[in-house]
Amino acid sequence: MENSEGVKIESTVVTEEPLISALDIALFVVIITVAYFWYFKRDKQSSSSEKKPYTIQPSSLSSIEQTSNSSFIKKLKSTGRSLVVFYGSQTGTAEEFAGRIAKEGARYKMKGMVADPEECDMADLVEMKEIQKSLAIFCIATYGEGDPTDNAMDFYEWLQNGDADLEGLNYAVFGLGNKTYEHYNEIAIYIDQRLEELGATRVHEIGLGDDDADIEDDFVSWKEKLWESVCSHYGIEETGEESNIRQYKLVDCSEVLPERIFSGEISRLKSYENQRFPFDVKNPYLSKIAVNRELHKSGDRSCMHIEFDIDGSKMRYDTGDHVAVYPKNSSELVDKIGELLNADLDAVFSLLNTDEESSKKHPFPCPCTYRTALTYYLDITSNPRTHIMKELIEYASDPKDQEKLKLMASSTPEGKKEFHEWILRDNRNIVHILEDLPSVKPDLDHLCELLPRLQCRYYSISSSPKVYPKSIHITAVLVNYTTSTNRVNKGVATNLLAQLIPTNDELPQPTIPIYIRRSQFRLPPKSQTPIIMIGPGTGLAPFRGFIQERDYARKEGREIGEMVLYFGCRKKDEDFIYENELQEYVANGTLTKLHLAFSRDQPEKKYVTHLLEQNADELWNIIGEKSGHLYVCGDARSMAKDVHSIIVKVVMEKGQMTNSQALNYVKKMEQQKRYSADVWS
């Protein structure tokens with residue numbers, strides 16, 4: 001026999017015994033049984049951990065069974081639908097447009113549904129031809145430097161790498177983009193062309209929405225012509241039935257226990273009380289505000305330096321990343337809605353999808369109070385779109401208010417003009433509309449269904465994790481402005497942040513939900529590579545992190561390349577942010593050159609673009625002769641475009657190239673990540 005260590009023991013008994021006793025056999029069976037159950041339980045847990053946990057997802061695709069969650073074809077067939085509208089959305093607008101199209105399908109005898117491509121097996125597009133008079137519509141946004149949205153990334157890569165036969169698929173594409181960006185609607189254009197290459201039939205020409213102008217008008221105009229093409233293609237006629245049927249029904253939740261009521265959590269109930277790593281868009285980290293200080297020295301404007309404490313969160317960031325901040329609406333505006341509609345904001349309710357098979361059971365976390373919904377989940381400060389005007393008509397008791405809403409909801413030239421002037425130009429939000437059209441008294445639950453979700457705000461991180469591993473810094477300008485109606489509109493996130501001032505250690509510190517969004521805005525892999533940074537105003541933010549990281553490398557004894565910074569603001573004595581820090585980096589040699597432009601410190605305005613033109617030799621020396629990197633951060637509408645034009649001009653003149661050659665050179669720089677932009681409009 002053997003002991004527990006497997007060493008054979010000599011027996012002093014003369015009688016011969018079996019090598020394996022009954023007890024050994026019993027123990028062996030027990031061990032095998034335990035191992036069997038342990039192995040398969042572990043395997044099951046491993047498999048389940050790889051599945052996505054249930055969250056409130058921006059989708060309307062059924063998931064009664066595990067398989068139907070990815071097979072939208074089965075959903076279409078089982079529910080007698082022929083229209084599916086996919087969306088690629090980063091801020092919620094594309095999802096909203098998709099929902100409006102799917103809803104209108106009923107007017108054209110096409111029962112529709114909305115689907116998130118991230119939750120679908122998009123290879124099933126090959127089976128669309130099996131459904132009679134079927135149509136797939138794609139509402140696709142482009143963001144960043146010509147990137148697909150997070151939820152459309154897999155679909156985009158599938159189109160790039162796959163070679164599916166999509167003959168028999170009928171489709172149309174509407175893109176959401178911004179003309180101030182170089183890669184305007186690049187993803188939608190690619191998808192539209194690629195679907196055709198794979199054999200699909202384009203039912204209607206691509207629509208290109210410009211968020212820098214009037215994307216609502218672009219969408220409505222395209223949508224009207226889309227249905228004309230659909231009717232022609234399928235030989236159908238509009239039924240004339242209005243499509244303003246409620247998608248959600250009100251459920252009274254006054255008897256629900258307090259611990260089952262959402263109070264502002266993004267997805268998981270009580271997630272702010274029981275924080276769990278990892279933290280992301282659906283599970284943000286409740287960070288303490290460690291520092292909140294004013295950066296402007298004088299003047300009537302404000303720029304805040306804010307530090308989020310991430311110690312103990314296990315969150316990691318890289319220099320150049322963004323941090324997403326979840327804001328909340330001001331209590332003043334929320335109370336105003338309750339007052340205007342004579343509603344009990346503390347009543348507990350839920351909105352339940354009338355489509356019982358939909359996986360999107362609620363438009364936002366439910367049950368909750370109306371106050372919670374209006375504070376944390378709904379956007380009450382942006383300009384409402386035309387479909388909201390249409391839905392409000394039935395609640396107007398004054399004929400004049402009714403006619404005004406009808407006009408703005410229409411697609412006539414007069415209606416578009418009125419909507420543009422009264423809503424967009426005068427910057428009216430839903431509160432202003434209810435104030436100025438006093439007879440309009442919508443049911444609060446219906447209003448909650450109509451309003452879009454409140455979105456998180458993104459800020460460039462202005463620190464380096466090498467120097468500040470336990471905190472994230474941002475640089476944010478306080479947004480306040482007076483409209484033509486003499487109302488003061490306030491930025492939702494910045495005005496909230498301005499109120500979150502840390503106190504002494506004895507009192508609880510203010511907190512706010514955040515998560516990190518990865519970026520492609522990165523320093524060169526080698527610290528010796530020279531770089532040029534162009535960042536006027538708060539465009540300086542990511543470069544503060546860049547400089548910190550290079551300074552850290554220098555202090556470690558590593559060689560660092562040239563660092564040239566172009567910074568501009570209005571007045572040196574007013575809004576020169578981080579002045580002392582920058583001067584110190586110049587003094588210790590980390591920052592090779594600091595070019596400054598103070599636009600209002602002299603009679604003629606002077607901007608960073610003027611300095612770039614004056615320093616053409618230096619620019620070419622770094623990006624041409626030394627293969628350095630160039631970075632731009634800030635306003636996309638004018639500054640970034642002007643910088644791009646100047647760079648092309650410098651390459652032409654100093655590199656002795658034609659305009660075409662210079663454009664190709666700059667394009668190659670972008671492809672090699674030697675020319676990067678982190679811009680906004």
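Helix 10, residues 399-409, has three buried members, Asp401, Leu405 and Met408; buried means under 20% relative accessible area and exposed over 50%, with partly exposed in between (1.4 Å probe, protein chains only). Helices (H or I, at least four residues) and strands (E, at least two) are DSSP runs, numbered from the N terminus. In general, an α-helix has 3.6 residues a turn, so residues three or four places apart point the same way.

The model is predicted: local features need pLDDT of at least 70, side-chain atom pairs count only at pLDDT 80 or more, and totals for chains, interfaces and linings use all residues. Residues are numbered from 1 along each chain as its sequence is written, and side-chain values use heavy atoms, without hydrogens and water.

The cover over the buried residues of helix 10 includes helix 9 (386-392) and helix 11 (413-425). The exposed residues Pro399 and Lys400 stand on the face turned away from the buried side. Where helix 10 starts, the backbone nitrogen of Lys400 has a side-chain oxygen of Asp398 within 2.8 Å.

The chain as a whole has 21 helices and 23 strands, and 50% of its 681 residues are buried.

Disulfides, pairs of cysteine sulfur atoms within 2.5 Å, number 0 in the whole structure. Cys253 is buried, at 7% relative accessibility, but its sulfur is 7.5 Å from the closest cysteine sulfur, that of Cys366, too far for a bond.

Technical notes
Contact = heavy atoms within 4.5 Å. Polar contact = N/O pair within 3.5 Å; in protein donor to acceptor, adjacent residues only side chain to side chain.
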